[in-house]
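Come and read along with me.

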There are 2 protein chains.
Amino acid sequence: MERPLILIANDDGINAPGIHVLAGIAQQLGDVYVVAPATAQSGMSSAMTVNTPLRIQEHANSAEPGVRYFSVTGTPVDCIKLAMHHILPRRPDMMLCGINHGSNAGNNLIYSGTMGAVMEACMVGIPAVGFSLMHHSMAADFSRAVPYIEKISRAVIEKGLPEGVCLNVNFPAKVEIEGLKVARSARSHWTEEYREYTDPAGHPFYWLTGKQINEEPDATDTDLYWLGKNYATIVPVTPDQTNTAIIPTIAETICNQQ
Amino acid sequence: MERPLILIANDDGINAPGIHVLAGIAQQLGDVYVVAPATAQSGMSSAMTVNTPLRIQEHANSAEPGVRYFSVTGTPVDCIKLAMHHILPRRPDMMLCGINHGSNAGNNLIYSGTMGAVMEACMVGIPAVGFSLMHHSMAADFSRAVPYIEKISRAVIEKGLPEGVCLNVNFPAKVEIEGLKVARSARSHWTEEYREYTDPAGHPFYWLTGKQINEEPDATDTDLYWLGKNYATIVPVTPDQTNTAIIPTIAETICNQQ
């Protein structure tokens, strides 16, 4: 029987250590194609490159048998699109993303390049999971997350995922992981979002920064609650943001239609 | 009584004609701050600029009283964040985005920079609406859409929107508009996504292209169905992509938790 084909991407770029940890795990489950951005693409959400062309480069890899590495000069979504159209030998059986250096919990989901790639794979019907460690350092220690990633990846490749659903998995950093909880994204926002500087000519410029505020710290069904208690969390995600239930209300209030 | 404050953004950039049409409409309803990307940002979704600093520039505008124009060297989401933190004199009463030169119907929603900005405003509690015309040309004729934009904007500033809900409004181009329908996003995908070229040195490069395919052309509750029949459509949108209903299924199948 043919070994499963597993597509791996990330948003930290082809040189981030986390993607090699993930490739090592995936290698046990099938043949692996890594297709990752040439440069860091954090915060790129589902952005795709419209106004410039893209290049693909294969990178030599003698260290990891069964793993091929490609970089794309674009966003995480570009990586998935080009992998599907021009890189993979056939349709992949699973797509894994990360391991991200940094949290994608709470409202980070909507900005996440990691989850942008995962949702792109999900929208073309491929079971897809994003993995993120709540630690930005490139020297982050992923070892405690590895057994959970193995378990989740194995379950997803064996059982698949419900149609239109992908997974956003986050791990606490620098602690023993207490267990695994399936949760919803905590309502949250970022505060103090910009640091202001003055350039040598006296003009201001701004750099994104800030702190994530959990708006519902006591909600025991949320990812931020359980991550704060040292659990890993799985949030099921559906890319389509249509709010179908509210259609009659909008028709009545905004359009005066009954 | 103080006039309402209306924030306007887009993803085609400060120089796109559509944003001036929208500013002209908003000017009748309140004081207007336009905060738009300095350059075209189509397909940027909810991307935000993490790794480089941003600049803000005010542009002179003697032609439109009550309208101030600012550009930001970043994405549509960056525009909203910087507007809220460093540009607006107070919290805006409404945020309008566009008029986009091109469709944001069907699965375009997730890639749309227009809707990225709208969702960013929605997430901080501001009633927000994105307007798009299904015509990419910078010379597009917005005149038939104007009465609908006036009606929707007036209803939203008077009545607000349900918490966590924003609107994705699309207009057919080059036809008489038959009316207005509240709908859901049609399930759709893009096909033939890249054109392949060869550079002078013989290396390949790729440029995004393609055609949107409606996967459910007969579904009478979708935006693409009604746009095809020359109606304008409103799709209610909720930024949070968590699929709460599927949590028990994922807990059981992936985590073996009952």
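**Entry 1: how the copies meet**

I began with the interface: 100% of the interface residues of chain A are also interface residues in chain B, so the copies meet through the same surface. Contact here means heavy atoms within 4.5 Å.

I noted the ground rules next. This is a predicted model, in which local features need pLDDT of at least 70 and side-chain atom pairs count only at pLDDT 80 or more, while totals for chains, interfaces and linings use all residues. Residues are numbered from 1 along each chain as its sequence is written, chains are lettered from A and ligands numbered from 1 in the order in which they are written, and side-chain values use heavy atoms, leaving out hydrogens and water.

Then I laid chain A on chain B: a turn of 180 degrees and a shift of 0.0 Å along the axis give an RMSD of 0.0 Å. That is the relation of a two-fold axis. The superposition is by least squares on the C-alpha atoms of residues with pLDDT of at least 70 in both copies.

**Entry 2: helix α4 of chain B**

I looked up α4(B), residues 113-123, and found ten of its eleven residues buried. Buried means under 20% relative accessible area, exposed over 50%, and partly exposed in between (1.4 Å probe, protein chains only). Helices (H or I, at least four residues) and strands (E, at least two) are DSSP runs, numbered from the N terminus. Among the buried residues of α4(B) are Met115(B), Val118(B), Met119(B) and Glu120(B).

What caps the N-terminal end of α4(B)? I found Ser112(B) there, with a side-chain oxygen 3.2 Å from the backbone nitrogen of Thr114(B). After the helix comes Gly125(B), with a positive phi near 85 degrees.

**Entry 3: His101 of chain B**

I found His101(B) in strand β5 of chain B, residues 94-101. His101(B) counts as buried because its relative accessibility is 2%. Its side chain reaches the backbone nitrogen of Gly18(B) at 3.0 Å. Leaving out residues up to four places away in sequence, I listed what His101(B) touches, including Asp12(B), His135(B), His136(B) and Phe142(B). I also checked Asn10(B): Asn10(B) and His101(B) are 91 residues apart in sequence, yet 9.7 Å apart in space, C-alpha to C-alpha.

I searched a 1 Å grid over the protein atoms alone: a cavity is a set of points where a 1.4 Å probe fits but cannot get out, a pocket is an open set with protein on both sides within 12 Å along at least five of seven lines, and lining residues have an atom within 4 Å of a point.

How many cavities of 30 Å³ or more are there? I counted two. The largest cavity holds about 60 Å³ of space, and its lining includes Ser45(A), Met119(A), Ser45(B) and Met119(B). The elements giving two or more residues to that lining are α3 (108-111) of chain A and α3 (108-111) of chain B.

The second largest cavity holds about 50 Å³. Among its lining residues are Leu133(A), Asp141(A), Arg144(A) and Lys174(A).

Last, I turned to the largest pocket, with a volume of about 850 Å³. Of its 36 lining residues, Cys122(A), Met123(A), Val124(A), Arg187(B) and Ser188(B) lie nearest its centre. The largest share of the lining, four residues, comes from α2(A). For these volumes, grid points are joined across faces, edges and corners, and a volume is the space filled by probe spheres set on the points.

Methods
A polar contact is a pair of N or O atoms within 3.5 Å; within protein, one must be able to donate a hydrogen and the other to accept it, and residues adjacent in sequence count only if both atoms are side-chain atoms.
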